[in-house]
Amino acid sequence: MCNLYRLDKPMHDVAALFDADAGQDPWAGGYVAPGKFGPVVIGGRRKRVVPRLWGMPPPPQGDRLVTNVRNL
């Protein structure tokens with residue numbers, strides 16, 4: 001999982017690419033970092049774009065966000 005990514009397209013462009021409903025997602029483009037919101041396309045009967053927090057939840061005995069995961 002990457003720590004940071006950049007998505008320069010506004011939400012209506014992303015939704016059109018995936019044939020999804022952009023809904024109320026205010027994404028205008030820019031960087032997504034752990035603990036910040038980023039757009040996610042979800043499926044079902046109708047695809048839609050929703051804002052979700054980027055990153056992994058902290059481990060049971062921790063309180064810091066996990067930003068990298070590696071499978072040895």
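Which residues does Leu53 touch, not counting residues up to four places away in sequence? Leu53 touches Gly35, Lys36 and Phe37, where a contact means heavy atoms within 4.5 Å. Welcome to this structure, a predicted model in which local features need pLDDT of at least 70, side-chain atom pairs count only at pLDDT 80 or more, and totals for chains, interfaces and linings use all residues. Residues are numbered from 1 along each chain as its sequence is written, and side-chain values use heavy atoms, with hydrogens and water left out.

**Overall layout**

- The protein chain has one helix and four strands; these are DSSP runs numbered from the N terminus, with helices being H or I of at least four residues and strands being E of at least two.
- Along the sequence, the pattern of the protein chain reads β-α-β-β-β.
- The protein chain is more spread out than a compact globule, because its radius of gyration is 14 Å, well over the 11 Å that the globule rule gives for 72 residues. That radius is taken over C-alpha atoms, and the rule is 2.2 Å times the number of residues to the power 0.38.
- The C-alpha trace of the protein chain spans about 40 × 25 × 25 Å along its principal axes.
- Among contacts in the protein chain with a separation of 6 or more, 43% are between residues 24 or more positions apart.

**Surface and interior**

- Of the 72 residues of the protein chain, 18% count as buried. Buried means under 20% relative accessible area, exposed means over 50%, and partly exposed is in between (1.4 Å probe, protein chains only).
- In soluble globular proteins, nonpolar side chains tend to be buried together.
- The largest nonpolar core here has eight residues, namely Met11, Val14, Ala15, Ala20, Ala22, Trp27, Val32 and Val49. Helix α1 gives the largest share of this core, three residues. Such a core is a set of buried Ala, Val, Leu, Ile, Met, Phe, Trp, Tyr and Cys residues joined through side-chain atoms within 4.5 Å.
- Val14, one of the core residues, is in contact with Leu7 and Lys9, leaving aside its neighbours within four places in sequence.
- Leu17 belongs to helix α1 (residues 11-17) and is exposed, with a relative accessible area of 69%.

**Salt bridges**

- The structure holds two salt bridges, each being a side-chain nitrogen of Lys or Arg within 4 Å of a carboxyl oxygen of Asp or Glu.
- One joins the side chains of Asp8 and Arg6 at 2.5 Å, N to O. Asp8 is exposed at 52% relative accessibility, while Arg6 is partly exposed at 46%.
- Another links Asp21 with Arg46, whose closest N and O atoms are 2.9 Å apart. Asp21 lies in the loop between α1 and β2 and Arg46 in the loop between β3 and β4 (48-53), so the pair ties together parts that are 25 residues apart in sequence.
- Asp21 counts as partly exposed at 33% relative accessibility, and Arg46 counts as exposed at 53%.

**Individual residues to look at**

- Asp19 sits in the loop between α1 and β2, and its relative accessible area of 64% makes it exposed.
- Most residues other than glycine have a negative phi. Asp19 is not a glycine, yet its phi is positive, about 50 degrees.
- Ala33 is in the loop between β2 (30-32) and β3 (37-42) and counts as partly exposed at 23% relative accessibility.
- Leaving aside its neighbours within four places in sequence, Ala33 is in contact with Asn3, Leu4 and Trp54. Ala33 and Asn3 are 30 residues apart in sequence and 6.2 Å apart in space, C-alpha to C-alpha.
- Leu53, where this briefing began, has its place in strand β4 and is exposed, with a relative accessible area of 55%.
- Leu53 and His12 are 41 residues apart along the chain, and their C-alpha atoms are separated by 19 Å.
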